[in-house]
Amino acid sequence: MSADVRDILDIERANTPEITRDSFLATKKRNFERTKHASRRPEGMHREVFALLYTDKKDAPPLLPTDTALGIGAGYKQNKARLGMKKVRKWEWAPFSNPARNDAAVFHHWKRVSDDSTDYPFAKFNKQLEIPTYTMTEYNAHLRNNIQNWSKVQTDHLFDLARRFDLRFIVMADRWNRQQHGIKTVEELKERYYEVISLLSKAKNQSVEKKTFVYDIEHERRRKEQLEKLFKRTTQQVEEEQMLINEMKKIEARKKERERKTQDLQKLISQADQQNEHTTNTPSTRKYEKKLHKKKVHHQPRPSKVDSVVNAIEIGSSGIKFADLRGSGVSLRSQKMKLPANIGQRKVKALEQAIQEFKVDPAPPPTEEICTSFNELRSDMVLLCELRTALSTCIYEMESLKHQYEAACPGKTLNIPPSLVPIKSETLEPNAN
C-alpha cells in the first residue's frame with residue numbers, strides 16, 4: 001500500500017530487495033518457528049498466574065527446584081559432583097557378643113575401624129525383671145498347702161519360665177512342659193505366680209513398702225468369655241445391636257424434649273402466678289378481699305396443721321430420680337452421680353447448701369457402693385429441704401390464723417405447740433419456699 005501512495009504522489013520508491021524463492025521460504029520458516037514457540041494462555045487461567053509460569057525469555061518452568069534464579073552458583077544444573085579429598089573411612093566385619101545372653105554366642109556386624117569401643121551399643125536396652133526367689137524352708141512354711149494342685153516341682157518350673165521369658169505368660173503357657181507337669185492354662189499360671197508373690201511379700205514384710213497385685217481368676221475367665229462372645233457375633237447381631245442403640249438415642253432425645261417442654265411450661269406457670277400475685281397486691285383488691293373475708297370468716301372451715309404437713313410430705317416425697325445408665329457402650333461410673341437435667345436451680349442451690357451444712361464431700365470416689373449411697377443421701381437432702389420449706393409455710397399459716405382468730409374474737413388466743421416455737425424463729429418468712 002505504501003508503494004501505491006508513493007506512485008500517486010510521484011515520490012521515489014525505496015530500493016527493496018527482489019523477492020526470490022529462497023527469501024520467501026526463509027521468511028515462512030521464521031514465522032513458523034515464532035508461532036511454534038509462542039505460548040498461549042489457557043482458557044480460565046488468570047493473566048498473573050500465567051505470567052508466573054514462564055520467565056521473560058519464555059523458558060519452560062523447571063521440573064525440579066533450582067537456586068539459579070537467586071544467583072547462587074550453578075544450582076542443580078551442575079553435572080559433576082564435588083568430591084572431597086579426604087580418605088574414606090574403613091569398615092570391617094567384626095565379631096561381637098551380647099551381654100544379655102548367657103550362652104557365649106558370637107555374632108558379626110560391620111563397624112568402623114576407628115571405633116575402639118568393644119561394648120555392644122544396644123546392650124543398654126537389655127533390661128530384665130526381678131523375679132523373687134524362695135528357699136525350701138520358705139516354701140514349706142508358706143507355699144505348700146495353699147493350692148492343692150500345685151507341687152514344688154511345678155512351682156519351680158513356673159518361676160524358671162518367668163525368669164526366661166520376663167513374665168510373658170502367653171509364651172510361658174506355650175513352653176510349659178505338659179508331659180511332666182500336666183496341662184495348665186494361662187489363668188492358672190497367673191494365679192499361682194501372683195499367689196506366691198503375695199505370700200512371699202507378706203512373709204518378708206514387704207507388703208507395706210510395695211503393693212501386691214491380687215489376681216482374680218474367675219473375673220479373668222468371665223472377661224475372656226465375654227470377649228469371645230463379642231468377637232463371634234454375626235453381622236445380623238451387630239446390625240440389630242446398632243439398631244437398638246439408635247432407637248435408644250431417639251428415645252433419649254424425645255425424653256429430653258419432653259423435659260425441656262415441661263420446664264418451659266413450669267416457667268410459664270410461675271410467671272403467671274407472679275403476675276397474679278402482683279395484681280392481687282393492689283390496694284383496691286386488698287380492700288375487697290378484706291370485706292369478702294369478713295363475710296366468709298365464720299363459714300369457711302379452718303385448715304388444720306395436719307393437712308399442711310401431709311401436703312408438704314406429698315410435695316417432697318419424690319426426691320431426686322437419678323438416671324440409670326444401661327447402655328451397651330462404655331460409660332464412666334461417675335455419670336451415675338450426675339444430677340438430672342429436670343431439677344431446678346432452686347433445688348440445686350438448696351442441695352449445695354445442705355452438703356456444706358452436713359460437711360459432705362461433693363465429689364467422692366465413684367465406686368459402686370459410694371455412687372448408690374451418695375445418690376440416696378442427696379435425694380434425702382432434697383426431701384429434707386422440701387419438708388423444711390413446707391414446715392415453715394405451715395408455721396406461717398398457723399401464725400396468720402392465730403392473728404385472724406384474735407382479731408375476730410377479742411380476748412381469746414390460739415395456742416401453738418411448743419415444739420414448733422424454736423423452728424419458727426428461722427423459717428417464718430412466707431417466701432422461704
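Leaving aside its neighbours within four places in sequence, with which residues is Asn-98 in contact? The residues are Tyr-120 and Asn-126, where contact means heavy atoms within 4.5 Å. Asn-98 is placed in the loop between strand 1 (91–97) and strand 2 (106–112); helices (H or I, at least four residues) and strands (E, at least two) are DSSP runs, numbered from the N terminus. The side chains of Asn-98 and Asn-126 are joined by a polar contact of 3.1 Å, a term for a pair of N or O atoms within 3.5 Å, of which, within protein, one must be able to donate a hydrogen and the other to accept it, while residues adjacent in sequence count only if both atoms are side-chain atoms.

The model is predicted, so local features need pLDDT of at least 70 and side-chain atom pairs count only at pLDDT 80 or more, whereas totals for chains, interfaces and linings use all residues. Residues are numbered from 1 along each chain as its sequence is written, and side-chain values use heavy atoms, with hydrogens and water left out.

The protein chain contains 15 helices and 2 strands. Of its 433 residues, 16% count as buried, where buried means under 20% relative accessible area, exposed over 50%, and partly exposed in between (1.4 Å probe, protein chains only).

Another loop, between helix 2 (21–37) and helix 3 (47–53), holds Arg-41, which is partly exposed because its relative accessible area is 46%. Apart from neighbours within four places in sequence, Arg-41 is in contact with His-46, Arg-47 and Phe-50, and its C-alpha atom is separated by 9.0 Å from that of Ala-51, 10 residues apart along the chain.

Side chains of opposite charge can pair when their charged atoms come close. The structure holds 14 salt bridges, each being a side-chain nitrogen of Lys or Arg within 4 Å of a carboxyl oxygen of Asp or Glu; the table gives some of them.

| Salt bridge | N to O distance |
|---|---|
| Asp-166 and Arg-168 | 3.8 Å |
| Glu-228 and Lys-232 | 2.8 Å |
| Glu-357 and Arg-388 | 3.5 Å |

The pair of Glu-357, in helix 13 (residues 345–357), and Arg-388, in helix 14 (residues 368–408), links distant parts of the chain, 31 residues apart. Glu-357 counts as partly exposed because its relative accessibility is 46%, and Arg-388 is also partly exposed, at 39%.
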